[in-house]
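Here's a quick briefing to read alongside the coordinates.

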Amino acid sequence: MDERWSWKLGAVMYCVNNKINGDNFEELIEISLSFYRERGIACILKTPEPFKTIEVRKDGRVTGFYMKKAQPDFKGVLCNGQCIIFEAKSTIKDRIQQSVVTEVQTKLLDEHQKLNALCFVMVSLEMRFFYRVPWIVWKEMKQRFGHRFMTKEELGPYKIKEYRGRLLLLDGIELEDIEMKGVTNEQRDSGKDQK
């Protein structure tokens, strides 16, 4: 294999790995959100992305396109009625680039934040480390860190705890009269939680 094809294969494999990690991260988020939905703490759902299929081949491959520019991945409401919206981003690298959030997603997150919604970017590094970065921190990366990316160390204060294969995505978010410092061990060990 000549050098040109080797480079192309490497680029394709990088994209495939990133796509697989991104899909797995979103699935993990959905599983984690069911934990909160079952307990009446929050109802946060994946934003559907309208996709038009042009062709389904015999080998199962699909040709098509997304009909709209991507919105933030998850939207919902907390038990006190407050809106929450976040984008999920995954990378196989040890840092996340600010540019992975699109202009459309940035505009919508800005609009929601102006209306007092809780806005975040959920980050997965290497599908092993998970973070909830407040939108204001994400937008001010250059001012805060001197560059337009965040390293594992810079993401450290925003690390998400894990519990029984779920991410405690809302842990530490304070609501009116309700402090989300996690869920009690009794709630965590309740019958619905044991799968």
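In this predicted model, Asp94 sits in the loop that links strand 5 (83-91) to strand 6 (95-97). With a relative accessibility of 43%, Asp94 counts as partly exposed.

**Around Asp94**
- Leaving out residues up to four places away in sequence, Asp94 touches Leu125, Glu126, Thr151 and Lys152.
- Met150 is 56 residues from Asp94 along the chain, yet their C-alpha atoms are separated by 8.9 Å.

**The chain as a whole**
- The protein chain has six helices and 13 strands.
- Of its 195 residues, 38% are buried.
- Take the contacts between residues at least 6 apart in sequence: 63% of them join residues at least 24 apart.

**Aromatic pairs**
- You'll find three aromatic pairs in the structure.
- One of them is Phe35 with Tyr36: the ring centres are 5.3 Å apart and the planes are at 90°, so this pair is edge-to-face.
- Phe35 is buried at 2% relative accessibility, and Tyr36 is buried with a relative accessible area of 2%.
- Phe74 and Phe86 have ring centres 5.1 Å apart and planes at 25°, so they count as stacked.
- Phe74 belongs to strand 4 (residues 74-78) and Phe86 to strand 5, so the pair ties together parts twelve residues apart in sequence.
- Phe74 is buried at 0% relative accessible area, and Phe86 is buried at 0% relative accessibility.

**Charges over rings**
- Lys46 has its charged end over the ring of Phe74, 5.7 Å from the ring's centre.
- The charged end of Lys159 sits over the Tyr131 ring, 5.7 Å from its centre.

Notes:
Residues numbered from 1 in each chain as written. Predicted model: local features only at pLDDT ≥ 70, side-chain atom pairs only at ≥ 80, totals over all residues. Heavy atoms only, no water. Helix = DSSP H or I, 4+ residues; strand = E, 2+ residues; numbered from the N terminus. Buried < 20%, exposed > 50% of the residue type's maximum accessible area, 1.4 Å probe, protein only. Contact = heavy atoms within 4.5 Å. Phe/Tyr/Trp six-rings, centres within 6.5 Å; stacked < 30°, edge-to-face > 60°. Lys NZ or Arg CZ within 6 Å of the ring centre and 35° of its normal.
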